[in-house]
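Here's a quick briefing to read with the model open beside you. Have a look at the sequence and the fold, then work through the notes below.

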Amino acid sequence: MARIKNIELPGEKHTCIGLTAIYGIGRSLANTICDEAGVARDKKIKDLSDEEITKLRSEVDKQMVEGDLRREVQMNIKNKMEINSYQGTRHKKGLPVHGQRTSRNARTRKGKGKVVANKKKATK
(Lines give C-alpha, C1' and ligand atoms only; values in the text may rest on other atoms or scores of the structure.)
Protein backbone atom coordinates (compact mmCIF):
# COMPACT_ATOMS: atom_id res chain seq x y z
CA MET A 1 0.00 0.00 0.00
CA ALA A 2 1.19 3.47 -0.86
CA ARG A 3 1.31 6.25 1.74
CA ILE A 4 1.36 9.84 0.56
CA LYS A 5 1.04 12.73 3.05
CA ASN A 6 0.27 10.17 5.81
CA ILE A 7 -2.79 8.94 3.90
CA GLU A 8 -3.07 5.27 3.01
CA LEU A 9 -4.17 5.16 -0.63
CA PRO A 10 -6.68 2.42 -1.56
CA GLY A 11 -4.74 -0.26 -3.44
CA GLU A 12 -7.58 -1.61 -5.57
CA LYS A 13 -8.33 1.72 -7.25
CA HIS A 14 -6.74 3.38 -10.27
CA THR A 15 -4.03 5.93 -9.56
CA CYS A 16 -6.10 8.99 -10.54
CA ILE A 17 -9.01 7.84 -8.35
CA GLY A 18 -6.85 6.76 -5.40
CA LEU A 19 -5.15 10.16 -5.20
CA THR A 20 -8.52 11.76 -4.48
CA ALA A 21 -8.39 10.14 -1.02
CA ILE A 22 -6.01 12.99 -0.12
CA TYR A 23 -7.84 16.11 1.10
CA GLY A 24 -7.50 18.86 -1.50
CA ILE A 25 -6.99 16.60 -4.52
CA GLY A 26 -9.93 16.16 -6.86
CA ARG A 27 -10.22 14.34 -10.15
CA SER A 28 -8.71 17.04 -12.38
CA LEU A 29 -5.75 17.70 -10.07
CA ALA A 30 -5.17 13.95 -9.71
CA ASN A 31 -5.03 13.61 -13.50
CA THR A 32 -2.56 16.51 -13.71
CA ILE A 33 -0.37 14.97 -11.01
CA CYS A 34 -0.36 11.59 -12.79
CA ASP A 35 0.60 13.24 -16.10
CA GLU A 36 3.41 15.31 -14.58
CA ALA A 37 4.78 12.32 -12.67
CA GLY A 38 4.63 10.16 -15.81
CA VAL A 39 2.45 7.51 -14.16
CA ALA A 40 -0.38 5.82 -16.05
CA ARG A 41 -3.78 6.93 -14.75
CA ASP A 42 -5.37 3.51 -15.17
CA LYS A 43 -2.66 1.63 -13.28
CA LYS A 44 -3.77 0.24 -9.92
CA ILE A 45 -2.07 1.69 -6.86
CA LYS A 46 -1.02 -1.73 -5.60
CA ASP A 47 0.85 -2.28 -8.91
CA LEU A 48 2.91 0.92 -8.67
CA SER A 49 6.65 0.58 -8.24
CA ASP A 50 8.56 2.41 -5.50
CA GLU A 51 10.00 4.75 -8.13
CA GLU A 52 6.52 5.73 -9.37
CA ILE A 53 5.27 6.29 -5.82
CA THR A 54 8.26 8.55 -5.17
CA LYS A 55 7.43 10.57 -8.31
CA LEU A 56 3.80 10.90 -7.22
CA ARG A 57 4.87 11.93 -3.72
CA SER A 58 7.13 14.67 -5.09
CA GLU A 59 4.32 16.00 -7.32
CA VAL A 60 1.83 16.00 -4.43
CA ASP A 61 4.36 17.89 -2.28
CA LYS A 62 4.13 20.79 -4.74
CA GLN A 63 0.41 21.21 -3.94
CA MET A 64 -1.22 22.59 -0.80
CA VAL A 65 -3.06 19.56 0.58
CA GLU A 66 -4.14 17.91 3.86
CA GLY A 67 -3.10 19.75 7.06
CA ASP A 68 -1.89 22.96 5.41
CA LEU A 69 -5.07 23.30 3.35
CA ARG A 70 -7.34 22.48 6.30
CA ARG A 71 -5.52 25.09 8.41
CA GLU A 72 -5.86 27.68 5.64
CA VAL A 73 -9.61 27.05 5.25
CA GLN A 74 -10.17 27.30 9.02
CA MET A 75 -8.19 30.55 9.16
CA ASN A 76 -10.31 31.99 6.32
CA ILE A 77 -13.50 31.07 8.20
CA LYS A 78 -12.16 32.58 11.44
CA ASN A 79 -11.22 35.77 9.59
CA LYS A 80 -14.74 36.10 8.16
CA MET A 81 -16.20 35.58 11.63
CA GLU A 82 -13.92 38.25 13.15
CA ILE A 83 -14.76 40.91 10.58
CA ASN A 84 -18.48 40.12 10.94
CA SER A 85 -19.08 39.55 7.26
CA TYR A 86 -22.38 38.01 6.18
CA GLN A 87 -20.76 34.61 5.71
CA GLY A 88 -19.03 34.93 9.08
CA THR A 89 -22.28 35.58 10.90
CA ARG A 90 -23.87 32.57 9.16
CA HIS A 91 -20.95 30.42 10.35
CA LYS A 92 -21.41 31.70 13.91
CA LYS A 93 -25.13 30.93 13.90
CA GLY A 94 -24.64 27.50 12.36
CA LEU A 95 -26.78 28.30 9.33
CA PRO A 96 -26.12 27.65 5.62
CA VAL A 97 -23.55 30.06 4.24
CA HIS A 98 -24.17 30.07 0.50
CA GLY A 99 -27.73 31.36 0.21
CA GLN A 100 -29.71 28.15 0.60
CA ARG A 101 -33.22 28.44 1.97
CA THR A 102 -33.74 27.50 5.61
CA SER A 103 -37.50 27.33 6.07
CA ARG A 104 -37.78 23.71 4.99
CA ASN A 105 -34.31 22.27 4.55
CA ALA A 106 -30.80 22.90 5.95
CA ARG A 107 -30.98 20.00 8.42
CA THR A 108 -27.27 19.32 7.97
CA ARG A 109 -26.31 22.77 9.26
CA LYS A 110 -29.21 23.39 11.67
CA GLY A 111 -29.25 19.97 13.28
CA LYS A 112 -32.18 17.85 14.32
CA GLY A 113 -35.60 19.53 14.30
CA LYS A 114 -36.73 21.11 17.55
CA VAL A 115 -40.14 20.18 18.93
CA VAL A 116 -42.45 23.09 19.67
CA ALA A 117 -44.59 22.52 22.77
CA ASN A 118 -48.40 22.84 22.89
CA LYS A 119 -48.97 22.66 19.15
CA LYS A 120 -52.15 20.69 18.54
CA LYS A 121 -53.79 19.90 15.24
CA ALA A 122 -57.00 21.75 14.50
CA THR A 123 -60.08 19.61 15.00
CA LYS A 124 -63.03 19.67 12.61
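A nonpolar core here is a set of buried Ala, Val, Leu, Ile, Met, Phe, Trp, Tyr and Cys residues joined through side-chain atoms within 4.5 Å. Buried means under 20% relative accessible area, exposed over 50%, and partly exposed in between, using a 1.4 Å probe and protein chains only. Keep in mind that this is a predicted model: local features need pLDDT of at least 70, side-chain atom pairs count only at pLDDT 80 or more, and totals for chains, interfaces and linings use all residues. Residues are numbered from 1 along each chain as its sequence is written, and side-chain values use heavy atoms, with hydrogens and water left out.

**The core**
- The largest nonpolar core has 18 residues, and the ones touching the most other members are Ile4, Leu9, Leu19, Ile22, Ile25, Leu56 and Val60.
- Helices α2 and α3 each supply at least two residues of this core, with α2 giving the largest share, four residues.
- Leaving out residues up to four places away in sequence, Leu9 touches Met1, Ala2, Ile4, Gly18, Leu19, Ala21, Ile22 and Ile45; a contact is heavy atoms within 4.5 Å.

**Helix α2**
- Helices (H or I, at least four residues) and strands (E, at least two) are DSSP runs, numbered from the N terminus.
- In α2 (residues 27-37), the buried residues are Ala30, Asn31, Ile33, Cys34 and Ala37.
- They sit on the same side of α2 because they cover an arc of only 160° around the axis, taken from the directions from the helix axis to the C-beta atoms.
- Ser28 and Glu36 are exposed on the other side, while the buried residues pack against α1 (15-18) and α3.

**Glu52**
- Glu52 belongs to helix α3 (residues 50-61) and is buried, at 14% relative accessible area.
- A polar atom of the Glu52 side chain lies 3.0 Å from the backbone nitrogen of Ser49.
- Beyond its neighbours within four places in sequence, Glu52 is in contact with Val39, Lys43 and Asp47.

**Arg3**
- Arg3 is in strand β1 (residues 3-4) and counts as partly exposed, with 42% relative accessibility.
- Arg3 and Arg57 are 54 residues apart in sequence but 8.6 Å apart in space, C-alpha to C-alpha.
- Not counting residues up to four places away in sequence, Arg3 touches Glu8 and Arg57.

Notes: Polar contact = N/O pair within 3.5 Å; in protein donor to acceptor, adjacent residues only side chain to side chain.
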